[in-house]
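Trainee: Could we go through how to read a few features of a model, one at a time?
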Amino acid sequence: MKPRSSARGGGGETRRFRNVALLALMLCSLVALSLIRARFFPIASAGGETLKLKAEESKLVVVTTKPAVVSTDSGDGAGEAADEQEEEAPAKAGGDGDGGGGGNPVCYETSRRSDTCEAAGDVRVVGNSQSIYVDGLERELKTKPYCRKHDAFALAHVKEWTLKPLPSGAAGDGDGDGGGGAAPRCTTNSSATAFVLSTGGFTGNPFHDYTDVLIPVFITAHRFAGEVQFLVSRYKSWWMNKYIKIFQQMSRYDVVDIDADDEVRCYRSAVVGPTFHKELGVDPSKTPSGYSVLDFRKLLRGAFGLDRATATPSGDRWDIRRRPRLLIISRRPSRGRAFMNERAMADMASSLGFDVRVGEPDATTDTSKFARLVNSCDVMVGVHGAGLTNMVFLPAGAVLVQVVPYGRLEWLARNTFAEPSGAMEIHYLEYAVQLDETTLSEQYPADHQVLRDPMAIHKQGWEALKTTYLDKQNVRPHLGRLKNTFLQALKLLPHGRDIMN
C-alpha cells in the first residue's frame, strides 16, 4: 500500500508544479502583450489626444523653398498644362493656427501652389531683414509668400521670409526691450493682423495679378473683416497704384512697403503667405463662412464703382444700352493672338444688333476706367490671353467668348477661363480656330509638323508650345462661323432675345 500511496502523492506534487508553471507563463504573456501594445498601439488618453497628435503630426508640412517643378508658365495668362485640380489642404498642425487665438505658430500647405504660416501672441515684424519674431516658436521656419511655390522661375523673384523664435524673456515685454537686447524693440504696435505677401513672381500680367495674388489675398484676408494690415514684399509702386482700391476694400490700414520699412512692427497675430484654391476662383467649402468668388466680384464692384451686378437692359427705352453691348478685346499683331479682321468682326456684330466697343488693355491702362467699360458690356470676345481676365468685371449673366488659337489648346482654354466663368455666373462660349483661320498656315508649309501634328510640339515642352502657338500666331475667324457664335450669345441675353424676335 505504501508504494501506491507514495506514487499518488508524487503525482499531486507534479500537477501542482505544472499548474504554477502554466500560471507563470500566462502572467508573462500578459506582461509581454502589454509592453507590445504600449510600444506600437498607444492607448489614447485625455480624450484620444495621443492618437490625434500622431495623426496631426503626419500632416505637418515643413516649409521649404525648393520647388519640385520647373516653371512652365508663359507669364501671359496661360497657367500650366499640369496644374491639375488642387488637393484638399491638410489639417493644421502644432496648434489651432488660426492667427488669432494664442495657438502655436505653424506653417502648413494650403494647396499644391501655396504655403501659409500663422502665429498669434507676441509677433514682431522686421521688414528690412524679412524676419518675423514669434513667441512660442521652437525653431526657424522659412517661406516665400507667393502662390506659385512649384515654379522656380517665379520664386526667383520672391524674397524669402524667416519666422524666428522670440528670445527667452522677451515675450510680453510690451516695450520690446528684447530681454537684454536679444529681441528687436517694438517701434509701432497694432491690434490688426499682419499679412505678409509678395508682389514678385509674375505680377504685371493681369492673369497672374488675379490668380496668384489678388484672389488668394481675398481668400485669406476676408475673415478679418478689415482688421488686417498688408505688408507687401517686392513692392512695386506702379502695381499697387493699379490695384490699391481693391486692397482698401479689404483693410482699414495703410499698405506697407515692408522690405523698405525701418520699423519693428508688433502685432497680436500674423499671416505669412496667401492661400490659393484654383485658377481665378474660390472654393467656398474651404472658406470659414462659405464665401466665394461672387463675393470677390462684389468687392470689385465696390472698389471700382461698377454699376451693373447683372446683365439686364436699361429701363429707359431710348437708352443705347437697351441694345446688348459687345466688347472686342484687341491685341497688337506684334504680340501674337491678334484679330486680323477686327474691323469686319465689329461690323458683323453691329449688323446683328450689338452696340460694339473695342478695347486694348495694357500696362498703362487705367484699371478703373477699363473695369467700367467691361462692366457696361454684355458680351466680351477675345483670343486666349491675359486680357480675358477682365471677365471679373462682367455683370452676372453676361457672355464670355474665348477664341482658342490653333494648336490643340482646348485644355489651356478650359483651365484658365472656361472653368472659372461658371462660378462667376458668366455664360461661356468657345470658338476654336481652324487651320485656314490662322496665320501659321502662311508661315509654314502644309506638311510641317506645326500644322500637321500640334501634339508633337506639345511634347517638346511649354516653351516650344508657347513660342509656336501663342507668340507667333494671329487669327482671322470666318465671319460666318463667328456670326453663329454671336447669335448664340444673343440667345443667352434677356435683351438679346428681344432683338432676335
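Trainee: What covers the buried residues of H10?

Mentor: This is a predicted model, in which local features need pLDDT of at least 70 and side-chain atom pairs count only at pLDDT 80 or more, while totals for chains, interfaces and linings use all residues. Residues are numbered from 1 along each chain as its sequence is written, and side-chain values use heavy atoms, with hydrogens and water left out. Helices (H or I, at least four residues) and strands (E, at least two) are DSSP runs, numbered from the N terminus; buried means under 20% relative accessible area, exposed over 50%, and partly exposed in between (1.4 Å probe, protein chains only). The cover of the buried residues of H10 includes H5, strands E14 (399-404) and E15 (427-432), and helices H13 (454-458) and H14 (462-471), and among those buried residues are Trp411, Phe417 and Pro420.

Trainee: Where does H10 bend?

Mentor: A bend is the angle between axes fitted to the seven residues ending at a residue and the seven starting there. H10 bends by about 35 degrees at Thr416, with Pro420 following within four residues.

Trainee: How is an aromatic pair described?

Mentor: By the distance of the ring centres and the angle of the planes. Rings of Phe, Tyr and Trp (its six-membered ring) pair if their centres lie within 6.5 Å, planes under 30 degrees apart counting as stacked, over 60 as edge-to-face and the rest as tilted. The whole structure holds 14 aromatic pairs; in one of them, Phe153 and Phe202 are stacked, at 5.9 Å centre to centre and 20 degrees between the planes. Phe153 lies in helix H3 (residues 152-155), and Phe202, 49 residues apart from it, in the loop between strand E7 (193-198) and H5.

Key. Contact = heavy atoms within 4.5 Å.
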